[in-house]
Each structure stands twice: as C-alpha cells, then as structure tokens.
Amino acid sequence: MAEPATNLSRLREHVPTLLILAALAATPMIALGIGDPFIVKVATRVVVFAIAATALNFVVGYGGLVSLCHAGFFGIGGYVVGILAWHDFNAEPLWFLPGTSDLAIALPAAILVSAIIAAVVGAISLRTSGPYFLMITLAFNQMFYYGAIALQKYGGDDGLQITSTITLGPLDVSNRYRFFYLALVVLALTLLLVGRFVDSRFGMVLRAASKNETRVIAVGVDPWLYRLAAFVISAVLTAVAGALLAAGQQFISPVDMGWDRSGDLVVMAVLGGVGVVWGPAIGAAAFVVLELVLSSWTTHWQFVFGLLIVLIVVSLRGGLADLGRTIFSRNSGEATHG
Amino acid sequence: MADVILLVDRLMKSFGGLRATNDLSLEVQRGECHAIIGPNGAGKTTFISQLQGMLAPDSGTITLNGRDITGEPAHRRARLGIARSFQITSLVPDFSVLDHAALAVQARSGHSFRFWKNARRDPALVAPAQEAVETVGLASRAKTLARDLSHGEARQLELAIAIAQQPKLLLLDEPMAGMGRKDGVAMTELLAQLKKDYSIILIEHDMQAVFSLADRISVLVAGHIIKTGAPEVIRTDPDVRAAYLGH
C-alpha cells in the first residue's frame, strides 16, 4: 500500500492547510514591514473565526447537521474567560472559586462548561432533524443570547470589559503579536484534530449517517451517540475560539453570540467549502476581510457582500476551496473526500 | 426444531385499516435458503422490515437463535446477525464501494469511538472489506464511488455490505430488482454461491431464480403465509396456483 505515489498524494492533502497557516503566520511581518499593527488585529480575528468555522464544519459538512447555536457556544467560551477575569480583577470569588486571568485555567474551564452545555443542548436537539434541528438550535442560541444580556453584574447589554492582564501560565499574552501566534497555534491544532477525526472510524460513521442514516443503522450502528459526540466536540472547539476572541480583544458582549453571528459562521463554512477540512478557514478569512473592506467603502456594504457570496457559492459548488482544489489536486487522480 | 434460526410467531402489523402483516408465522432452518413469494402488495417488504427492525410489529414475536428480538432496535439486530439488502438500493453516494464494505466491517468490530487512526488505511477494516467486495465480483470497482455505479453494480454492492457484516441470517429483498437478463443470471450464480455459507430469506419476483435457489418456499398472500413447502410442492399446489400464479 505504501507506494511512493500514495505517499506523495498524502503529502499533497496537507499542502492547502500548510499554505493557509504559513500565509497567516506571515501577516505580523507584513504588519511590521508596513508599520500597520491593525493588520495583526484583523489577522487575529480571521484566525479566531477560522477556528470556529472549522469546528462548525465538523457537524455541518461532515455530520449534515446545520447548527444555528454555535455563536452561543462561541459566546459561552468568551464569557467564561471574561467572568473569570472579572473575578480576578475584583478579587471576588466566584462562589467558592477564585477568579483567574490565566488562560491555562480559563481555557480548560471554557471547554468544560461548553461541553456540559453542549451535551444537554445536543441531546435534546438531536432528537430532531432537518429544519426542526435548525429551529431548535436557533432557539437555544437565543436562550444563550438573552442569558448573556441578563448578566447585569457582568455588563448585561453593554458587554464585559476585561481589565486584567491575560496570561498563559507564566507567559504574558496581552502583547498583540504574541497573542496572534497563540491563536494560530490553536487553529493549527484544530485543523489537525478535525482532519484526523473526519478520516477516523468515528468520522466514517458520522459522514455515512449524514448521507444515509438507514444504511448505517442496517449495518449495526446507532448514529445518535456519534452525532452527539461530534456536536460536543464541535461546540467545545467553537467555545475555545470565543474564549480567544474575548481574551484577544479584552471584551465580550452579547452581540458576539446573536443568532445572526451563528448564521455568519455557517456562511463562512459554506463560502470556504464544507467538503474539505481547511475550506472554512479560507471562508472565514474571506468573510472577515470582505466585511472590513466593503464596510469601509459603502454603508450599504451588506448588499454587495450578499451579492458576492451568492456569486461565489453559485459558481463554485464546493466554495472557495474548489479554486484551491483545482490547483492542488490536479493530476492526483484521487477522488476528493466528500 | 433443533436447528431453527428464525422463528416468527403470529406477527401482526396494520397501517390504518390495512392489515399488511396478518397472523404471519414462519420457521427458517439454519443453512436453508427460504424464499418468500407472493403477488404485489402481499406485504413482503413490510415483513422484511419487521424482521430487520425498521418497523415494529403490532403483536407477535420474532425469535433469532432462540432469543426473542421483537423489542430490539434495528442496529442491535444487525449486531445479533441480521443483515438486509434493500429492495431500493440504500447507499452513501460519496462513499466508494470499499468504504461501504469497510463500514460494515467496522460496525461489527465493536464501537467506532476511535478518532485518530485513518479508517481507510486500517488493514483490519480494508482486508475483510476487500474480501467481501471480491466475493460479489466488484473488485475492479473497489475505488468507485457509489453514485458512479451502474444499477447492477449497486445491487452487487448491497450484497457485499451484507456479507461484510458476517451475518447469521441474510434478508435479501429483491436482489435482482430492475436487473437485465444477463446481470440477473450472474446474480443467481452469486446467490447460489452464498447459500452454501448463509441462512437466507429471499424475496424475489424472478420465479426462475426462486425455484432454482430456494430450498423451501413460502407463499405470502394478503399478509398471511398460505403455504410453505419444497419448490416442486409449491409449483404444483392448487391453492398457490389459484392465489398467486394465476391459473
């Protein structure tokens, strides 16, 4: 099986991912080169949404489950970091727990909290499918959204400012460049994890069930628990992205978890391409940059934006990744994973 | 009685006012190929669905290898050894032929909460899957996606998946449905091979195939089995001829 040709095509599979990471890794140099630190801020936003969109695609593209509550998980991750930092700054314990501004504690806390909530939300939502799944996840998203607004102690409507200095263990990551690379490492890990998951036994069950549930049951597998696990994994990774957003911009607000933001995440995934693991990362980059460029151009930017998205999705069936795929998988002769 | 693999006792299933399965009792011996024939709408597929577990009967019991499985869901029955090939092909369009068989192998080798190793490069899955694919004669199409298969090939794949499950009982729901003459003959030969290794319940409209393959035949009319017997007995039975063969 290990012919040189297969090894080569295996390597080729990783080229797009490595190119994306390399291009992102170079942005701080460009920012330094032209002396515009704003670029790093944008790049950090791209990376954070790339993590969330990649995570979402695990359930949308591979599980066939279009979730509209992922902004909720994103916000939950952000609020866990923000609330812990608030208690740290105000030196007031959260029940019996001390607050913290250390991501080495706050990130695992965000993972734990989001996993528990996602398990409950998933267990209920996955009783339904299709449009009902869409509606019920949307309802959950709005519960989280209004839940965040109700947190009067933590800013309510106005959002929660992080006033303490965010660290990662002994490392001060409040430096914009350092934080960017931290986020980039998390994106690389996310791409690696999701990439392994979708090709594993778990991934095969998830993918088969998304296209033909009857077949999966007939061979002896109940897809329910696999979908739930995928949902929780996806939610947790999205919460990590939200935690990074909050830590990076020292701020989290209910706006970051509105249902329209859930829609944005789906658009990023579809725009980039749900058929490949690295597609949504490209979609996130295109989304964030387009939003920025167009909104500086015209106040009616959303109209142009919508038009562009329609054009791209209609002309490239597999999203922007199709552009890359025609370049990278030419002559490889191997069928792309669907 | 000692070697009964499947025992169906007074099975009932209604859809509204329609009695699709009406007091159906059946006994399948281990190792036999038991054909079920009957006119269109007799309730053959409904019956198979209840055996597989996709449909729950209103009453009656199904016993597999001495174990009551009436309350077991379909996925657990598959683990207990029931494999079904669907009348209307049920495949995953963007999975290759080999992927399908590998999924069946994977399903019978414990849980699939394994996240790291690439399933398509796992010899423990690929080797048995390859074997099943070869058995049905699809070896040359192993890497072809299901959506690119011809109708006949898709039927063969249905069988490969069932075989890869290493079942104790094969439920074949019209394996030759929609096949041309040539493919049909090839399929009959394949089934003749398979019946050496498996207990089979065969539903088929192609009477030539049924009479050449079946060890015993049951005739299903309006959800009820009116006769069970050897092919030569069934062929000449006056009740059967009246009800089904139309003479």
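Predicted model: local features only at pLDDT ≥ 70, side-chain atom pairs only at ≥ 80, totals over all residues.

Student: How many salt bridges does the structure hold over all chains?
Tutor: A salt bridge is counted when a side-chain nitrogen of Lys or Arg is within 4 Å of a carboxyl oxygen of Asp or Glu. Over all chains, the number of salt bridges is 21.

Student: Which residue of chain A forms a salt bridge with B:Asp122?
Tutor: Start with where B:Asp122 sits: in the loop between helix H3 (97-108) and helix H4 (123-135) of chain B. From this loop the pair crosses between chains, to a residue in helix H7 (residues 201-211) of chain A. The closest N and O atoms are 2.9 Å apart, and the partner is A:Arg201.

Student: Is B:Asp122 buried or exposed?
Tutor: Buried means under 20% relative accessible area. The relative accessible area of B:Asp122 is 6%, so B:Asp122 is buried.

Student: How many residues apart are A:Lys153 and A:Glu92?
Tutor: These two form a salt bridge, with the closest N and O atoms 2.9 Å apart. A:Lys153 is in the loop between helix H5 (131-149) and strand E1 (160-161) of chain A, while A:Glu92 is in the loop between helix H3 (70-89) and helix H4 (103-125) of chain A. The pair links distant parts of the chain, and the separation is 61 residues.

Student: Which residue forms a salt bridge with B:Glu32, and how many residues apart in sequence are the parts that the pair ties together?
Tutor: The partner is B:Arg216, with the closest N and O atoms 3.0 Å apart. B:Glu32 is buried at 7%, whereas B:Arg216 is partly exposed at 23%. B:Glu32 lies in the loop between strand E2 (18-29) and strand E3 (33-37) of chain B and B:Arg216 in strand E9 (residues 216-221) of chain B, so the pair ties together parts whose separation in sequence is 184 residues.

Student: Which residue in E7(B) stands opposite B:Arg84?
Tutor: In a regular strand the side chains alternate between the two faces of the sheet. In strand E6 (residues 82-85) of chain B, B:Ile82 and B:Arg84 are on one side, B:Ala83 and B:Ser85 on the other, and all are buried. E6(B) pairs with strand E7 (residues 169-173) of chain B in the parallel sense over 4 bridges. Opposite B:Arg84 stands B:Leu171.

Student: Which helix gives the largest share of the nonpolar patch?
Tutor: The surface patch is about 320 Å² and is made by A:Phe38, A:Val289, A:Leu292 and A:Val293. A:Val293 is partly exposed at 43%. The largest share, 3 residues, comes from helix H11 (residues 279-297) of chain A.

Conventions
Residues numbered from 1 in each chain as written. Chains lettered and ligands numbered in written order. Heavy atoms only, no water. Helix = DSSP H or I, 4+ residues; strand = E, 2+ residues; numbered from the N terminus. Buried < 20%, exposed > 50% of the residue type's maximum accessible area, 1.4 Å probe, protein only. Pairing = 2+ DSSP bridges. Patch = residues over 30% accessible without salt bridge, like charges linked within 9 Å, V, L, I, M, F, W, Y side chains within 5 Å. Areas by Shrake-Rupley, 256 points an atom, 1.4 Å probe, with all protein chains shown as cover.
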